[in-house]
Amino acid sequence: MAAAGAPATVHICVVGDDGVGKTSLITAAATETFPDHPPPVLPPAKLPADTTPEGVPVVITDTSSRPEDKQALELACQEASVIVLCFSMDKLASEASVIVLCFSMDKPGTLRRVSSYWMPELRRLGVHVPVMLVGCKSDVRPADRSLHEAVLPIVKAYPQIETCMECSAKKLQFVGEVFYYALKAVVHPMAPLYEPERQALRPLCAKALKRIFLLCDKDQDGILNDAELNAFQVLCFNAPLQADELVGVKQVVAERIEQGIRDSGLTLQGFLFLHALFIERGRLETTWAVLRRFGYDNSLQLNEQLLSRVSFEHAPDQVVELTAAGRAFFASKFKELDADDDGCLSAREAEEMWSTAPGDPWATPDYAGLLVETSRKGLLCLPGFLAKWAYTTAADPRRTLAYAYYLGFPEDSDPSKLFQVSRSRRQERRADAPRRSVLQCYLFAPDGVDAAPVLEGLITQARPAHGTLATPIRAAAAFVGAEAGSGGSSSGSSGGSGVTLITRAVTDEQAQVLVESAQGREELQRCDVAAFLFDAQQPGSFRAARQRMLEVASAAGDALPCLFLQANDNEATQELADAIGEACSQLAVKPPASYSGARPGAPVYHAVVATAQQPELAIPETPSLKAARQYRRMLRKGALYTGAGIGVVLVGYLAWRFVSQQKQAAVGSEQGSSSSGGSSGDGSGSRGGDAGPAAME
């Protein structure tokens with residue numbers, strides 16, 4: 001059975017010049033016979049998982065290097081998991097000088113074309129898979145030439161060549177081993193783990209193994225004692241180490257590396273040395289078994305199976321945020337690495353923080369220009385650290401989950417307790433509903449108005465003395481405490497009452513994309529509040545801000561709370577003040593949140609938060625909203641008239657039914673009376689006639 005993290009199917013593509021023995025190699029490996037007259041190209045051979053040593057299905061594809069078959073060759077290479085590149089060993093003598101000197105280009109040969117054609121061609125095709133260099137026809141190799149001597153310059157020039165070996169299909173020598181090692185190059189590749197030139201583990205591999213060591217060091221004393229080593233062995237290989245095996249392992253480490261054993265336990269240095277030793281001795285499957293047991297894939301990133309344990313599906317108007325347990329986990333990691341207990345991460349402490357992860361999670365273009373709370377020297381402090389995780393979780397929660405694992409979150413614990421998805425905004429507007437602890441504000445600034453002071457002010461209101469970014473500020477995230485007397489109840493990243501406010505600056509060009517594209521309009525659904533900045537010193541900026549508010553509010557479906565922000569309000573003219581008052585009245589929004597000086601103070605950010613949390617008085621009266629309301633009024637009026645008409649018809653129908661029933665009742669009564677009168681006369685006559693004779697008698 002294939003190990004978790006191993007590829008589902010291994011595609012082995014055999015390439016090389018015509019006549020080097022590709023088809024004979026495949027045939028000899030499959031049938032254990034040498035074909036006297038092999039076909040030009042074999043059809044793909046499929047081997048089921050139960051027939052391969054690594055328990056994964058294998059597809060072996062033969063190729064032709066003829067010009068007419070070039071398209072099929074390119075497709076096979078691009079779909080391959082590993083490339084077997086063949087050359088003919090009977091031409092080593094004539095090619096050896098060419099490889100060393102690289103001059104005799106007038107003597108074509110298969111080995112020379114490995115470096116002159118095949119490797120550049122694979123690079124051109126964008127093929128980034130292990131390459132295995134195979135020398136065929138070793139039975140006719142000159143005795144004074146060796147494979148190592150011939151291929152060493154090529155291997156040095158092309159690090160993607162994983163393995164080199166020779167074989168003879170005619171003598172059935174090492175033909176099976178070719179495909180065994182090709183399979184191993186995919187299932188247990190060396191390239192991600194080890195650098196042969198330095199004879200050392202690659203940095204990503206060392207980081208992954210360090211994380212595994214720390215997870216297994218349950219008592220956190222820096223060594224793996226016998227009990228921890230046995231628990232690790234059982235977890236990865238389903239069998240404990242025997243007492244003599246433990247002694248043997250420690251003895252090997254103690255003899256080869258200083259500080260590898262301490263207090264009869266295995267140190268991190270010793271643990272890393274053991275895995276380097278396994279790799280050097282060709283036991284890559286041992287190290288890969290350990291890595292895959294702890295959730296790593298072939299690129300030494302955490303695999304999909306581990307990261308899919310939490311579902312982050314949510315509607316655009318919901319946000320993924322850290323729970324109190326999630327904030328506590330990241331805060332504990334910060335305090336654990338803050339060795340000098342100064343509340344900030346020095347460069348060395350930050351390096352140690354990411355020593356078990358692929359790297360700094362925020363060292364990518366997506367997080368460039370993000371401003372959070374730091375010390376005066378620009379060192380990341382705890383509130384800024386938590387604000388960055390709030391920002392990351394809202395933007396890319398899977399990244400936060402991955403780094404929780406990298407930082408030591410136990411794999412046997414439930415990761416879903418670190419996250420929560422907020423309610424929809426409609427549900428949050430109920431008075432008794434809990435509200436989200438993270439709010440996202442889009443800050444629209446027209447050309448010529450600098451949004452940076454508003455972003456920096458968000459940090460200053462939380463930490464007056466802080467560092468600045470070397471790059472332009474594009475976004476800011478910080479905790480905004482509840483306004484005095486507001487009675488806010490959300491728990492923010494600092495643990496008090498308030499929210500984490502994420503503010504992103506939106507340029508005019510970006511704003512156009514938001515309002516004009518379907519993807520942009522969906523992006524606006526993620527925004528909790530939109531702020532439109534203008535400068536009182538530039539009266540034209542207010543007209544631009546007002547127009548942008550109308551466009552954004554309409555594009556957001558007339559459901560996005562908006563407010564104006566006014567910079568340099570002490571410079572506003574009476575004419576501008578009148579224009580602002582008229583616009584706010586027409587749009588039915590509150591007056592601008594204003595500030596003067598270098599940057600806004602806390603009241604501006606309280607106003608932003610209040611606008612997001614109380615949207616009823618902040619939805620602009622746009623033409624589209626007015627048209628929608630008029631349409632709804634028309635529908636209601638139409639429904640009223642229709643209902644009245646139906647009522648009149650129904651009353652008329654009932655009146656007609658009543659009159660009809662009355663008439664029918666009257667006619668029936670008259671007919672009954674007539675019938676009753678006729679019967680009564682006949683009876684009297686009879687009785688009179690009868691009485692006559694009786695009387696006469």
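Which residues of α4 are buried? The buried residues of this helix are Thr110, Leu111, Arg112, Val114, Trp118, Met119, Glu121 and Leu122. Buried means under 20% relative accessible area, exposed means over 50%, and partly exposed lies in between, with a 1.4 Å probe and protein chains only.

The model is predicted: local features need pLDDT of at least 70, side-chain atom pairs count only at pLDDT 80 or more, and totals for chains, interfaces and linings use all residues. Residues are numbered from 1 along each chain as its sequence is written, and side-chain values use heavy atoms, with hydrogens and water left out.

## The chain as a whole

The chain has 24 helices and 22 strands. Helices (H or I, at least four residues) and strands (E, at least two) are DSSP runs, numbered from the N terminus. Of the 697 residues in the chain, 45% are buried. Among contacts between residues at least 6 apart in sequence, 71% join residues at least 24 apart; contact means heavy atoms within 4.5 Å.

Helix α1 spans residues 22-31 and includes Ser24. This helix is mostly covered, with seven of its 10 residues buried: Lys22, Thr23, Ser24, Leu25, Ile26, Thr27 and Ala28. Ser24 has a relative accessible area of 12%, so it counts as buried. Leaving out residues up to four places away in sequence, Ser24 touches Phe34, Pro35, Pro38 and Ala169. Just after α1, Glu32 takes a positive phi of about 60°.

Helix α4 (residues 110-124) has a kink of about 30° at Ser116, shortly before the proline Pro120. The bend at a residue is the angle between axes fitted to the seven residues ending there and the seven starting there. Just after α4, Gly126 has a positive phi of about 75°.

Strand β3 (residues 58-62) is mostly covered, and five of its five residues are buried. In a regular strand the side chains alternate between the two faces of the sheet. Val58, Ile60 and Asp62 lie on one side of β3 and Val59 and Thr61 on the other, and both faces are covered.

Two strands pair if DSSP finds at least two bridges between them. The table lists pairings found in this chain.

| Strands | Sense | Bridges |
|---|---|---|
| β1 (residues 10-16) and β3 | parallel | five |
| β2 (residues 45-47) and β3 | antiparallel | three |
| β9 and β11 (residues 265-267) | antiparallel | two |
| β20 (residues 529-535) and β21 (residues 562-567) | parallel | six |

Leu224 stands opposite Leu266 in β11.

Another open sheet has seven strands in the order β14-β18-β19-β17-β20-β21-β22, and its pairing is mixed. Its edge strands, β14 (370-371) and β22 (593-595), each pair on one side only. Within this sheet, Phe534 has Gln566 in β21 as its bridge partner. Helix α19 (residues 508-516) lies across β17 (438-444) and β19 (498-506), and runs at about 105° to β19. Axes are lines fitted to C-alpha atoms, for helices over the stretch in contact, and angles run from 0 to 180 degrees between N-to-C directions.

## Packed helices

Two packed helices are described by the angle between their axes and the distance between the axes. The axes of α9 (residues 243-256) and α10 (residues 268-280) come within 10 Å and cross at roughly 95°. That angle makes α9 roughly perpendicular to α10. Val249, Val252, Val253 and Arg256 of α9 make the contact with Gly270, Phe273, Leu274 and Leu277 of α10. Angles under 35 degrees count as roughly parallel, over 145 as roughly antiparallel, 65 to 115 as roughly perpendicular and the rest as oblique.

Helices α13 (residues 324-337) and α15 (residues 382-395) pack at about 135°, with their axes 10 Å apart. α13 is therefore oblique to α15. Arg327, Phe330, Ala331, Phe334 and Lys335 in α13 meet Leu382, Phe385, Leu386 and Trp389 in α15.
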